Amino acid sequence: MKRHNFSAGPCILPQEVLQKASEAILDFDNGLSLIEISHRSKPFVDVMEKARALALELLGLEGKGYKALFLQGGASTQFLMVALNLLEKRAGYLNTGTWAAKAIKEAQIYDDIYEVASSKDANYNYIPKGYDIPEDYDYFHCTSNNTIFGTQMKEFPNSPIPMVCDMSSDIFSRQLDFSKFDLIYAGAQKNMGPAGTTLVVVKEDILGKVSRKIPSMMDYKVHIDKSSMFNTPPVFAVYTSMLTLEWLKNLGGIEAIEKENDKKAQLIYSEIDLNPLFKGFATKSDRSHMNATFNIVNENLKETFDTMVKEAGINGLNGHRSVGGYRASMYNAMSLDSVGVLVDVMSELERKA
């Protein structure tokens, strides 16, 4: 039976990427495994350079003063690194969910942090709007997509100060003017590759302006100077990310994948809205195209629905404990057919009820 992987992360990857990555583990360089060769060898240095170049190319940031890095520690480490490298006096944060709140908590270790707006009052089921960003702050931080609550920023402010964005769960999924952002970071395990590496895209001219001493491993400039090779990189995660970025480029880039993501989102949300047995969690105008969150109206039908989901080969549909219910994560590699299988199960439940 085909499995339909709606896991929020680590998540689904393209089959051709998984095939090539598995082959490289056995034989990447004349009988040597990818995970046993030197990361300083030319074959892997070429992988790192290509991965970094593809990231900038797909985001439309080539030749615009940005550097791409593949680092370790996940997006959670970036909560700390952003503050260490950019925070001198005060910064503004948009609080739209669990991960945004964690970013705020880490930054507060170093200095004064101001919440420009928050949707905590409604358990983060919407994206705040109409807020002001103080011009005398060091930077403004936002989270583009909230996996737990199923909300997504559809528009971004014209920030008068450097704008930092955590795009862990929707990077490379939709067209944006990425030059509006001075620093973007994203854990690989949603739209890019396996867990183990984090993409950082930073505009070089915002660095080197804080007075504090920054530990070498936490300093973006050190990693830029060493071409993401300051320490041993996570070779498998970087290689698989490179393959995924190649796959995306061959599909037609972000423009092409956005059209597919729109179709998937339209299909699932149409069923959620038309089927009286289900109710969406997020405010309609702020619904995520990556993570559709919804609840079953009649809890007496939950066991039946869960059985039907399992029998259909659907995996990873349970919602986060903060929200409950269900969460269908539809990252770039998720097919429209798989979303259709889920919608068919939801429709069948309505017919049975």
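How do the residues of the lining of the largest cavity divide into nonpolar, polar and charged? I kept in mind that this is a predicted model. My tally came out as six nonpolar, three polar and one charged.

**Entry on the cavity.** I searched for cavities of 30 Å³ or more and found one. The volume of the largest cavity is about 30 Å³. I then listed its lining: Ile-12, Leu-13, Pro-14, Lys-190, Asn-191, Thr-244, Trp-247, Tyr-331, Asn-332 and Ala-333. The charged class counts Lys among its members, so I put Lys-190 of the lining down as the one charged residue.

I went to Arg-40 next, where an unreviewed UniProt entry places the feature "binding site". I found Arg-40 in the loop between α1 (15–26) and α2 (42–59). Setting aside neighbours within four places in sequence, I noted contacts from Arg-40 to Val-45, Met-229 and Phe-230. I also checked side chains, and those of Arg-40 and His-39 are joined by a polar contact of 3.2 Å.

**Entry on Ala-312.** My last stop was another loop residue: Ala-312 sits between α8 (302–311) and β13 (314–315). Which residues does Ala-312 contact, leaving aside neighbours within four places in sequence? I wrote down Met-1, Lys-2 and His-4, together with Val-341 and Val-345. I also took a C-alpha distance from Ala-312 to Asp-344, and it is 9.6 Å. Along the chain, Ala-312 and Asp-344 are 32 residues apart.

Technical notes: Residues numbered from 1 in each chain as written. Predicted model: local features only at pLDDT ≥ 70, side-chain atom pairs only at ≥ 80, totals over all residues. Heavy atoms only, no water. UniProt positions renumbered as here; feature names shortened; annotations may be inferred. Helix = DSSP H or I, 4+ residues; strand = E, 2+ residues; numbered from the N terminus. Contact = heavy atoms within 4.5 Å. Polar contact = N/O pair within 3.5 Å; in protein donor to acceptor, adjacent residues only side chain to side chain. 1 Å grid on protein atoms, 1.4 Å probe; cavity = no way out; pocket = protein on both sides within 12 Å on 5 of 7 lines; lining within 4 Å. Points joined across faces, edges and corners; volume = space filled by probe spheres on them.
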